[in-house]
Amino acid sequence: MAERMTIKPGENDILIVVDVQNDFLPGGALAVPEGDAVIEPINRLARAFRHVVLTQDWHPEGHASFASSHPAKQPFETTDLHYGPQVLWPDHCVQGTPGAEIARELDIPHAQLVIRKGYNAGIDSYSGFKEADRQTSTGPAGYLQERGFRRVFCAGLALDFCVAWTALDAAEAGFETYLIEDASRAIDTNGSLEKARQDLEAAGVRMIKSDQIVVA
Ligand SMILES: [Zn+2]
């Protein structure tokens, strides 16, 4: 059996910690099952990376992705927005609310940037790179390219939405992209996890475990 690849993060590597926010943790408005289980591995992993950025879901009130914005719709149903099908969520990560704050237990004081997303009222944004209309950019591809990174490592919440879409866009932007599975947790609604796995594999995103990252 082939030896399992291990990776020692260096100057050309960056960790993107996706949406570890109160509303996605147990007790939050859109709690991801076992969402709090990502914090310990992410804190440990982050120490191996000199370069870390965070994403933060950051919606205005009445956002188009909220079921409450669509009469007669319930959370986790799908509707059609101008850019295509959209899963509807409970109200979550409303700008300036405690639920939108980055989890206090996340211990990454050296994080270099917080990328906010989902702030356009009519467009959702799972990815930290591009909004769900697949046109509107949130900017990090240019930022990461300008800073000379080659490899992007993604972890956080939720694996089958914001982590997956961020990883897919990183791969599309030309970065060698890894998703750290055990430092992520999924929502898994209507087959979303299996779909995400297929999309990630097709895009060449490598699924790894946190113990493959060498924490010096
Ligand atoms: Zn959201």
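Which residues in H3 meet which residues in H4? In this predicted model, the H3 side consists of Leu 159, Asp 160, Phe 161, Ala 164, Ala 167, Leu 168 and Ala 171, and the H4 side of Ser 192, Leu 193, Ala 196, Asp 199, Leu 200 and Ala 203. By class, the contact has 10 nonpolar, 1 polar and 2 charged residues. The axes of helix H3 (residues 159-172) and helix H4 (residues 192-203) come within 10 Å and cross at roughly 10°. Angles under 35 degrees count as roughly parallel, so H3 is roughly parallel to H4.

The zinc ion has protein donors Asp 57 (OD), His 59 (NE2) and His 92 (NE2), at 2.0 to 2.1 Å. Their spacing in sequence is D-x1-H-x32-H. Asp 57 belongs to strand S2 (residues 52-57), while His 92 sits in the loop between strand S4 (84-87) and strand S5 (113-117), so this pair ties together parts that are 35 residues apart in sequence.

| Residue | Relative accessible area | State |
|---|---|---|
| Asp 57 | 2% | buried |
| His 92 | 3% | buried |

The protein chain as a whole contains 4 helices and 8 strands, in the order β-α-β-β-β-β-α-β-α-β-α-β. Its C-alpha trace spans about 55 × 35 × 35 Å along the principal axes. A compact globule of 216 residues would have a radius of gyration near 17 Å, and the 16 Å of the protein chain agrees with that. Of the 216 residues, 53% count as buried. Among contacts in the protein chain with a separation of 6 or more, 74% are between residues 24 or more positions apart.

Conventions
Residues numbered from 1 in each chain as written. Predicted model: local features only at pLDDT ≥ 70, side-chain atom pairs only at ≥ 80, totals over all residues. Heavy atoms only, no water. Donors = N, O, S within 2.8 Å, 3.2 Å for Na, K, Ca; no water. Helix = DSSP H or I, 4+ residues; strand = E, 2+ residues; numbered from the N terminus. Buried < 20%, exposed > 50% of the residue type's maximum accessible area, 1.4 Å probe, protein only. Axes fitted to C-alpha atoms, helices over the stretch in contact; angles between N-to-C directions. Parallel < 35°, antiparallel > 145°, perpendicular 65-115°, else oblique. Contact = heavy atoms within 4.5 Å. Nonpolar A, V, L, I, M, F, W, Y, C, P; charged D, E, K, R; others polar. Rg over C-alpha atoms; globule rule 2.2 N^0.38 Å.
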